[in-house]
Amino acid sequence: MSDHPPRSRCWVWIKGNPLKNESHWMSGWLGTLSQLGGIKIEHPNFVACRVPEWRVSFEEPSDLKLPPAIPEGATWKFFPVE
């Protein structure tokens, strides 16, 4: 994880809405390590936020539907953002 450059292209695991869509890896994000912990993610269509490392991949996942290892009782978003 520490070997990626600042503001690197990344994929983020998106928790799906059972009535609309399934969970999946979404491309088009830029990720940066946050001094507060986790990764700050930015996308032109979404508000920037800070998420745990398990939700971010800096390499394209081989299967965009295959979830990461989600920790028991996982936190999906951190506050504050910065």
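Is arginine 7 buried, partly exposed or exposed? At 48% relative accessibility, arginine 7 counts as partly exposed (buried is under 20% relative accessible area, exposed over 50%, partly exposed in between, with a 1.4 Å probe and protein chains only). A few notes for you follow.

1. This is a predicted model, in which local features need pLDDT of at least 70 and side-chain atom pairs count only at pLDDT 80 or more, while totals for chains, interfaces and linings use all residues. Residues are numbered from 1 along each chain as its sequence is written, and side-chain values use heavy atoms, leaving out hydrogens and water.

2. The structure holds one salt bridge (a side-chain nitrogen of Lys or Arg within 4 Å of a carboxyl oxygen of Asp or Glu). Glutamate 42 and arginine 7 form this link through their side chains, at 3.5 Å, N to O. Glutamate 42 belongs to strand β3 and arginine 7 to the segment before β1, so the pair ties together parts 35 residues apart in sequence (strands are DSSP E runs of at least two residues, numbered from the N terminus). Glutamate 42 is partly exposed too, at 25% relative accessible area.

3. β1 and β2 (residues 24-33) run antiparallel, joined by six bridges (strands pair if DSSP finds at least two bridges between them). Here cysteine 10 has tryptophan 29 in β2 as its bridge partner.

4. β2 and β3 are also antiparallel, with four bridges, and leucine 30 stands opposite glutamate 42 in β3. Five residues lie between the strands of this hairpin, where glycine 37 takes a positive phi near 105°.
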